[in-house]
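Open the model in your viewer and keep the selection panel at hand. The stops below go from one end of a helix to the sheet beside that helix.

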Amino acid sequence: LDDKNDDGGTASSTPSQQLPKIQQPPSRLTDQENNETAEDMDIQAFLEDEDEDEQKYEHKQAADALYENEVDLSQSLPQRAKKKRRKDRNKTDEDSGPLSIVRAAKEAKYEYLDHTADIQLHSWGDSLAEAFEQVGVAMFGYMTELDTVEYFRFHEITASGHDLESLLFNYLNELLGAFYTENNLLFKDIEITHMESDKNFTITAIGYGEEMNIFGKHPQGTEVKAITYSAMQIKQTKERCDCWVVVDI
């Protein structure tokens, strides 16, 4: 039976106990909420990619503007400045063509004499060296008109012999060899820079001219095939020196 309290209420027969708190299960997102969250993440990633693409485009536009306005970055970069100057110098050289070598005009001191099937070169000069120079020029003058040859190239040759005749033969042979091995190099002028004609018969010479161009510039003369010893003569006096050489044509 229930006992009555002093206040007239009814009391339970079981002892009073505090009921435990019921823990709510963790909230779970519905499928719809999950889809909405994924969409939000995709939109955020898309916006970030769009911002990155926009930055790249702005950088490209700025770089293009530099080139369009011809901003010279080489002013602050010494290495680029050197390359730019070298490029400009090469471009100028290409535009202006090959540089011409300045040579003083010389009097022609040679002639051509008939000799059976070949041709004989006769040169003279105030010295042995000048006569040698002139006979070399005479050989190239028989191949073309030297007035059409310009001074664009130079080439050095050396020769030696056991006497003056062999020295002259080898000297002319070296000049002719340069013509055939240096792309038909013609010498309009020859300067002997060193010559020994006593005991050691040696010679060093530099030829000046250009490569032969028979298509519109250099008239084609008669090709010299070889140097010969036939009727070779060298005569020296106090006043002058003369050389006679027959060349095979």
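**Start of helix H4**

Select Asp 163, which caps the N-terminal end of H4: one of its side-chain oxygens is 3.4 Å from the backbone nitrogen of Glu 165. Helices (H or I, at least four residues) and strands (E, at least two) are DSSP runs, numbered from the N terminus. Residues are numbered from 1 along each chain as its sequence is written, and side-chain values use heavy atoms, with hydrogens and water left out. This is a predicted model: local features need pLDDT of at least 70, side-chain atom pairs count only at pLDDT 80 or more, and totals for chains, interfaces and linings use all residues.

**Along the helix**

Buried residues (under 20% relative accessible area, 1.4 Å probe, protein chains only) in H4 include Leu 164, Phe 169, Tyr 171 and Phe 179. After H4 comes Asn 183, with a positive phi near 60 degrees.

**The sheet**

Next, show the open sheet of three strands, in the order E5-E7-E6 with antiparallel pairing (two strands pair if DSSP finds at least two bridges between them). Strands E5 (153–161) and E6 (185–196) stand at the edges with a single partner strand each, so one side of each has no neighbour in the sheet. Ten bridges join E6 to the antiparallel strand E7 (residues 201–211). Select Ile 190 to find Gly 207 of E7 opposite.

Methods. Buried means under 20% relative accessible area, exposed over 50%, partly exposed in between (1.4 Å probe, protein chains only). A polar contact is a pair of N or O atoms within 3.5 Å; within protein, one must be able to donate a hydrogen and the other to accept it, and residues adjacent in sequence count only if both atoms are side-chain atoms.
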